[in-house]
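Subject: Structure handover

Hello,

Here is the structure you asked for. Please open it alongside this note.

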Amino acid sequence: MPETDQNGNSDGVLSFDLTTRPWIPVLRRDGTQGELSLREVFEQAHDLRRIVGDLPTQEFALVRLLLAVAHEALDGPQDTDAWSDLWADENCFAPVGAYLDQHRGRFDLLSADAPFFQTAGLRTAKDEVFSLNRIVADVPNGEPFFTARMPTVERLTFAEAARWVVHAHAYDTSGIKTGVEGDERAKGGKVYPLGVGWAGNLGGVFIESHTLRETLLLNLVAADTPNLEIDEADAPVWRREPSGPGGAERAPTGVRDLYTWQTRRLRLHFDEMGVHGVVLGYGDPLTARDRQHREPMTAWRRSKPQEKKLRKTPVYLPREHDPERSAWRGLGALVATEAVKAQGSEPADYLRPKILEWVARLVTEGELERGFLVRARIIGARYGTQQSVIDEIVDDHVSMAVVLLHQQDRRYAEQAVAAVGDADLAVNALGDLATNLARAAGTETEGPRSSARDVAYGLLEAPYRTWLAHLADTDDPYAQRTAWQQQVYGIVGRLGDRLMSAAGDAAWQGRIVQLKHGTEWLNSALAGKWFRAALYKGLGRPDSSHMPPDADASPAPETIVKAPA
Amino acid sequence: MTTVTAPVTPRERVARLAAGHIAALQRGYLDDQSHAVASLARLRRGAGREAGQLPDLWALIDTGPLHETRDDARPLSERELVRAEDALHVALTLYALHQQSRRSGMHQADRPDRRRGLGAAVRRMMKPGEIDHPVHKRLVRAGTAPDLAVLAQRLRDIVVLLRREDIQLDHALLAGQLYTWQWPGGADTVRREWGRSFHAWHDKPKDGAAASAGSDTTRTTDTDKDAS
């Protein structure tokens, strides 16, 4: 199609074809950044490191969009054999070009009839057009000072607007929205809250690898993945009728549907220079409950309150990320299998993301080498007041060898999870020490306890990540675990020494407390002794080189005194 | 506990010198040798006072070995010498007070199976499972003494009690601790040694997790809460 000017076609009608115009921000392998069209992203995927978004949540939304395109263009994959052919074929994304040509009519951001991810002619009764703040998520509502875009977003380029349109469907906040003409749910010009965008419900997880090509392929689940239901007729939004105003809950047909789910109805207002306003209303809401057979990019947890309310068992909800908790500490939920978790007939408390089940299958069936390194990338939004604002965005990752996901050889995953347990144990011991020191000094205990725990987790994080990334380098995960325990003992032990020194006179003076076997003088020395005993009990005695110089008096069993009669 | 290869630290030199002196005095005193008895009597009067206050005692405490340059240790600096001599003085005078009119040796070396550190000695004055408040308070006060003179005085009070109860103490270990005490941060180190010694006293040998018996009631172990 010949183009006569920058943003239009020969009729002078504006157009922004997402298949050919650059709009997706990428990081290349050489470290440079750029913007590419949909077509270029697939053509150059082997040379790209990853998608970069204006926010991490945007990256997640864009990756899902790309995956929907890939599933469509590659028609599958149907099974691991088909997947393995793709993995081996450097030009596996070649069919994408033809596919995009075929559907390019639905990829025009500015189309008058079927604008991409929007609704043509969407309007409110009073024909209001709203500020772009509504869809640009880095302008916190009511907090205009926390953005580079003070005080409002006046204009967006078409490329940028396209990204925020994709983001809005995935992560838009809930709250009362203006009713659009034709939406039967509007009451008095308003639509009452129908929930956040679909991805906003999830504790988003995807697998990241060295290049975008590998990343896309690793997340390209096969149609025959157990416990993941993908209908024959599964289709992304651009193969469906253009959405009208309003919307209704319907059952999703599979990943292509979910990756492009239209939770909103919107329409951009623009001129030759760019986008200057938006109309935004509710689209197709989707409850997150019990979607574990459909949505692969999140872990799931059982919800006891929901089970009570609905009188059925089990009920699963997406397991959201805790911003206070670093990804490595949640590793257990990522790598543990359901079989390990489920005891007897009781349903599992947690289900790991199907996307990891899928990669686990690739390892187990030998499609991926055991030492192959992937990152579990973790992205999620936490919403604030009434889900009407995004409070925090979690963006984290854990690097690990795929052998951790192996379904038969559980040794590596078990040691990796147990190693997090080692860290937890040591941090708990340190927390107890802080509590006991505060008690000995007669001060408030909660503050010291939680700050000691924070510091300890902070100091253990980098060593753990390094340890985990090299876990597959050896044939003996148990020896690695022992080395890790010694490292934890050293790091947390030194923290304990510092706490005891800092506790000073007051904690030394201590106080007399009543214990089971009698009265005891609780002071820094006793607190320290318990601390060492807990570390020793949980982690074993470290090499003497890791011992602090004065630790010889700590209560090792072989040196304990016989009480005089 | 002493490693053979590592150079001897000033603290160890102080402790060894004290051990040598005290062993000789103790042997002589128990054998009723008049020289030793007289020496102890004179040293006793210095208990709880600073070295500088009693010049007539200087001749009784031979600090010569501290000035010798040995193969396994570097020469001591002037400041180290002063502190070492002060520590020796306080330790020996306390021992002399402790030994007064006792017919067995009140100085006994601390060993893993037979604790004779200051904390353990204080603890042995109490009934098992109970804390004797006045006694306990003396140890606490010693631990928080602001300077060596005050510390010497407070230790004197403790030693008087130990003598009354016929409880032994490792005075050489104490000498080393008194040396360490005088350095920045040293008081904290020594205090922790005393505290551990106090709490190590009642451990049962067979139960490796003896500590946890006590800690059960005082710790609030977090079960790491999940984000749900």
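Below are the conventions, then the ring contacts, then the strands.

This is a predicted model, so local features need pLDDT of at least 70 and side-chain atom pairs count only at pLDDT 80 or more, while totals for chains, interfaces and linings use all residues. Residues are numbered from 1 along each chain as its sequence is written, chains are lettered from A and ligands numbered from 1 in the order in which they are written, and side-chain values use heavy atoms, with hydrogens and water left out.

Aromatic pairs

Over all chains there are 20 aromatic pairs (rings of Phe, Tyr and Trp, the last by its six-membered ring, with centres within 6.5 Å; planes under 30 degrees apart are stacked, over 60 edge-to-face, the rest tilted). One of them is Phe60(A) with Phe206(A), a tilted pair at 6.0 Å centre to centre and 40° between the planes. It links distant parts of the chain, 146 residues apart: Phe60(A) is in helix α2 (residues 56-73) of chain A and Phe206(A) in strand β6 (residues 204-208) of chain A. Helices (H or I, at least four residues) and strands (E, at least two) are DSSP runs, numbered from the N terminus. Phe60(A) and Phe206(A) are both buried (under 20% relative accessible area; exposed is over 50%, partly exposed in between; 1.4 Å probe, protein chains only).

Trp87(A) and Phe372(A) are edge-to-face, because their ring centres are 5.8 Å apart and their planes at 80°. Trp87(A) lies in helix α3 (residues 80-88) of chain A and Phe372(A) in the loop between α11 (354-364) and β12 (373-383) of chain A, so this pair ties together parts 285 residues apart in sequence. Both Trp87(A) and Phe372(A) are buried.

Charges over rings

Arg134(A) lies over the face of Phe130(A), 4.2 Å from the ring centre (the test is NZ of Lys or CZ of Arg within 6 Å of the ring centre and within 35 degrees of the ring normal). In chain B, the charged end of Arg83(B) sits over the ring of Trp183(B), 4.1 Å from its centre.

Strands

Strands β14 (residues 511-515) and β15 (residues 518-522) of chain A run antiparallel and are joined by five bridges (two strands pair if DSSP finds at least two bridges between them). A hairpin of two residues connects β14(A) to β15(A), and Val513(A) has Glu520(A) as its bridge partner.

An open sheet of three strands in chain A has the order β2-β1-β3, with antiparallel pairing. Its edge strands are β2 (33-36) and β3 (48-51) of chain A, each pairing on one side only.

Regards
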